[in-house]
Amino acid sequence: MLGKLDWSAIPFDQPIPLVAGAVVLVAILGVLFWVVVKGHLPYLWDEWITSVDHKRIGVMYILLASVMLLRGGSDAIMMRIQQAVAYQSQGYLPPEHYNQIFSAHGTIMIFFVAMPFVIGLMNLVVPLQLGVRDVAFPTLNSVGFWLTATGALLVNISLVVGEFARTGWLAFPPLSGLSYSPGVGVDYYAWSLQISGVGTLVAGINLVTTVLKLRTKGMNYLRMPMFCWTTLASNLLIVAAFPILTATLAMLLLDRYLGFHFFTNEAGGNVMMFMNLIWAWGHPEVYILVLPAFGIFSEVVSTFSGKALFGYRSMVLATMAICVVSFMVWLHHFFTMGAGPDVNAIFGIASMIIAIPTGVKIYNWLFTMYGGRIRFATPMLWSVGFMVTFIIGGLTGVLVAVPPADFMLHNSMFLVAHFHNVIIGGVLFGAFAGFEYWFPKAFGFRLDERWGKAAFWFTFTGFYVTFMPLYIAGMLGMTRRLQHYDVAAWRPWMIVAAFGMAVLSIGVICQIMQLVVSIRNREALRDRTGDPWDGRSLEWATSSPPPVFNFAFHPDVRGEDAYWDMKTRAQQQSFDHDVPGYQDIEMPRNSPTGFICAFFASIMGFALIWHIWWMVILGGIGAFATFVVFAWRDHDEYVIPAEEVARIDRINLEERRSLVSMAGAV
Ligand code: HEA
Ligand code: HEM
Ligand SMILES: [Cu+2]
């Protein structure tokens, strides 16, 4: 009846996951109870869960990423403590548990923290920057989000029901094959990523179409803000790369479920094929993450330097170059696996070539700052911190791109330091910069600067204390994924790293405090201008938070830095319409399709993992039926009458008069 599922799936003998799971369950039930009792459920359902507004969906993505950051961070804390104490002893985590932790940490951080954070910011900001009212496919957008959430849910269920993969974040066979991983761990991993992968692909298609097809009057490609360009590049990579991931995992699943031999050692299978395929997705993936971050830094650096971005066109070119070249370097992840010196040399050189467009970007940011009147507000701090940190991580990347050096450093702690250096210093700092920068736009009030600055400094120093020792440990020969070790020379560095993790955690606490304090003081921090940073692009041309329709009139763009241009020429025609000219606006209706689809996908995913076939069929039929019902819907739009548009716009205008008169003085 319930397939492989029985009471032995619950880890009664392991207190850590059990207690953690219980605490989370109680917390979720508590929040649900509060929501129901306070009568917030209808509001949540109508305004958020079924929302197809790109801003709301963006915020939900960011919320998901933030919660998962705490989960992935707890895993990180546990690993750092383990490696600090597990010298000539087993430490406190048994090997099968430690292996699950680093696998879950890597998977969660990449798929459910970094991805939703950048996709959330792109969703929130790009339509506003393009001067349009929503993304190309609003309901699909909601489906994409909820499928991502389904993946995150399944990974977290594995904490208490069954187990997670012990195979690392990319589940290489033959270890991930049925003979070496007979449990449900790899199935949790693979189905979570299959389902959330569809969500990501859908988000990618949506954002590519939005940038290509929906731009306001005059917003031609070479007038788009940099963040729109990097969004385009990143989502083109998603559209090209995610199907590879889906196909690769599908083959792994066929091996596991139906006895196929794609990646086995016998019967004609080829394990190397998996390596090639997974990295053909995996390398572009890291640029999918970092390109949007580059876009955020471009916006922040130019805004807070009070100057147009230096070398805009070279920036566009560099972005697209990275986009293309990142598809030609995948083999640098397995130099040691015997492709031969010529192949290694080609891929090594291709990898180093990426340093050139990346360098172009770094120099452009520096030249943007040069001679500017720089304001070191929190988003700018994260950006400068990024530049310093990312260069170090990038350079160690170039080092491991040299095949002979990689033979020494492959799969060592040096590598672990390299990628945290670029991912934390690049993607996470970028996400934080974007969060601080666009928060007032999303919610209408600024974040507290003092807590924000404290968060930056603790995270920044904590990062260095945690990860620089790993470079040294790696050079001393320490390999990755070690549950315990006997080499005395490594130990001090692991202790320093654990101490660094404590400092990093204070940074995270400061960030939470920042949110709490800012929400408390929101009246004092309220932004009535819609443009708290003296911004340059169109998201600042509307109120904070923007109305559902974003802009009452489609802004008319005459050049780069569209809003700056309007302000300096004191033209304000985008919002200063005293002449009656308001028109009805059609907006997409909210729809539960995404949530219901994800509900059935969760059931189906869980059933697939546990081989509960009747439930698989039920979930499948449910998801398909949801889709059919949605497709048959007649009225999927509603009209906001011109008077209503005028009323909302006038209120916003009143509030923003001061800004308009200020702009005249610029
Ligand atoms: C956001 C994520 C991100 C980013 C941006 C990068 C960027 C780079 N990475 Fe990294 N990498 C990862 C994430 C990332 N990496 C991950 C997750 C892994 C491990 C996966 C695993 O095994 O689990 C990995 C592993 C990895 C390997 C495999 C090593 C091994 O397994 O043994 C290699 C090898 O070539 C490599 C190289 C590079 C290079 C050359 C860059 C370049 O793009 C860096 C370019 C940037 C600069 C160089 C700095 C700025 C430039 C200048 C200031 C100009 C002047 C500089 C020069 C002319 C040199 N990376
Ligand atoms: C908050 C600070 C973080 C700390 C202290 C930390 C710590 C660690 C540790 C200890 C490991 C295991 C190293 C080993 O192999 O022994 C690891 C692996 C990993 N981390 Fe992090 N991490 C952090 C943040 C992140 C972030 C933000 C990401 C990505 C967005 C990330 C992605 C990964 C990946 C992909 C792995 C590899 C997992 C594997 O080996 O399969 N980490 N991390
Ligand atoms: Cu790579």
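This is a predicted model: local features need pLDDT of at least 70, side-chain atom pairs count only at pLDDT 80 or more; totals for chains, interfaces and linings use all residues.
The shell around ligand 1 holds 28 residues, of which H332, G359, G394, G397 and A401 come nearest to the ligand. Sorted by class, the residues around ligand 1 comprise 17 nonpolar, 10 polar and one charged.

For ligand 2, however, helix 4 gives the most, with eight residues. There are 26 residues around ligand 2, and A76, G106, M109, G168 and R480 come nearest. By class, the shell around ligand 2 consists of 16 nonpolar, seven polar and three charged residues.

Helix 4 leads on to its packing partner, helix 6. The axes of helix 4 and helix 6 are 11 Å apart and pack at an angle of about 15°; since angles under 35 degrees count as roughly parallel, the two helices are therefore roughly parallel to each other. The crossing of helix 4 and helix 6 is left-handed. On the side of helix 4, the residues that take part are Q100, T107, F111, M115, I119, M122, V126, P127 and L130, and these meet G185, Y189, L193, S196, T200, A203, L207, T210 and V211 in helix 6. The contact of helix 4 with helix 6 divides into 12 nonpolar and six polar residues, with no charged residue.

Helix 6 also packs against helix 19. The axes of helix 6 (residues 185–213) and helix 19 (residues 593–609) come within 9 Å and cross at roughly 155°, which makes helix 6 roughly antiparallel to helix 19. The crossing of helix 6 and helix 19 is right-handed. Helix 6 brings D187, Y188, W191, S192 and I195 to this contact, while helix 19 brings A601, G605, L608 and I609. By class, the contact of helix 6 with helix 19 has six nonpolar, two polar and one charged residues.

Helix 19 has a further partner in helix 20 (residues 613–631), with the two axes 7 Å apart and an angle of about 165° between them. That angle makes helix 19 roughly antiparallel to helix 20, and the crossing of these two helices is left-handed. The contact is made by T593, I596, C597, F600, A601, I603, M604, A607 and L608 of helix 19 together with M615, V616, L618, G619, G620, G622, A623, T626, F627 and F630 of helix 20. The contact of helix 19 with helix 20 has 14 nonpolar and five polar residues, and no charged ones.

The protein is divided into domain 1 (40–591 + 636–665) and domain 2 (592–635), and the C-alpha centres of the two domains lie 28 Å apart. Their contact takes 22 residues from domain 1 and 16 residues from domain 2. On the side of domain 1 that touches domain 2, helix 5 (138–157) and helix 6 are the elements that give two or more residues, and helix 5 gives the most, with 11 residues. This side of domain 1 has 13 nonpolar, six polar and three charged residues.

Finally, some backbone details deserve attention. Most residues other than glycine have a negative phi, and most peptide bonds are trans. Against that background, a cis peptide bond joins P173 and P174, with omega about 5°, and P174 lies in the loop between helix 5 and helix 6. The peptide bond from S544 to P545 is likewise cis, with omega near -15°, and P545 is located in the loop between helix 17 (522–525) and helix 18 (562–568). A267, in the loop between helix 7 (226–258) and helix 8, has a positive phi, near 55°, although it is a residue other than glycine.

Conventions
Residues are numbered from 1 along each chain as its sequence is written. Chains are lettered from A and ligands numbered from 1 in the order in which they are written. A residue is near a molecule or strand if its C-beta atom, placed from the backbone, lies within 6 Å of it. Helices (H or I, at least four residues) and strands (E, at least two) are DSSP runs, numbered from the N terminus. Ala, Val, Leu, Ile, Met, Phe, Trp, Tyr, Cys and Pro count as nonpolar, Asp, Glu, Lys and Arg as charged, and the others, Gly among them, as polar. Axes are lines fitted to C-alpha atoms, for helices over the stretch in contact, and angles run from 0 to 180 degrees between N-to-C directions. Angles under 35 degrees count as roughly parallel, over 145 as roughly antiparallel, 65 to 115 as roughly perpendicular and the rest as oblique. A crossing is left-handed if the near helix is turned anticlockwise from the far one by less than a right angle, and right-handed if clockwise. Two residues are in contact if their C-beta atoms, placed from the backbone, lie within 7 Å. Domain bounds come from an automatic or database domain assignment.
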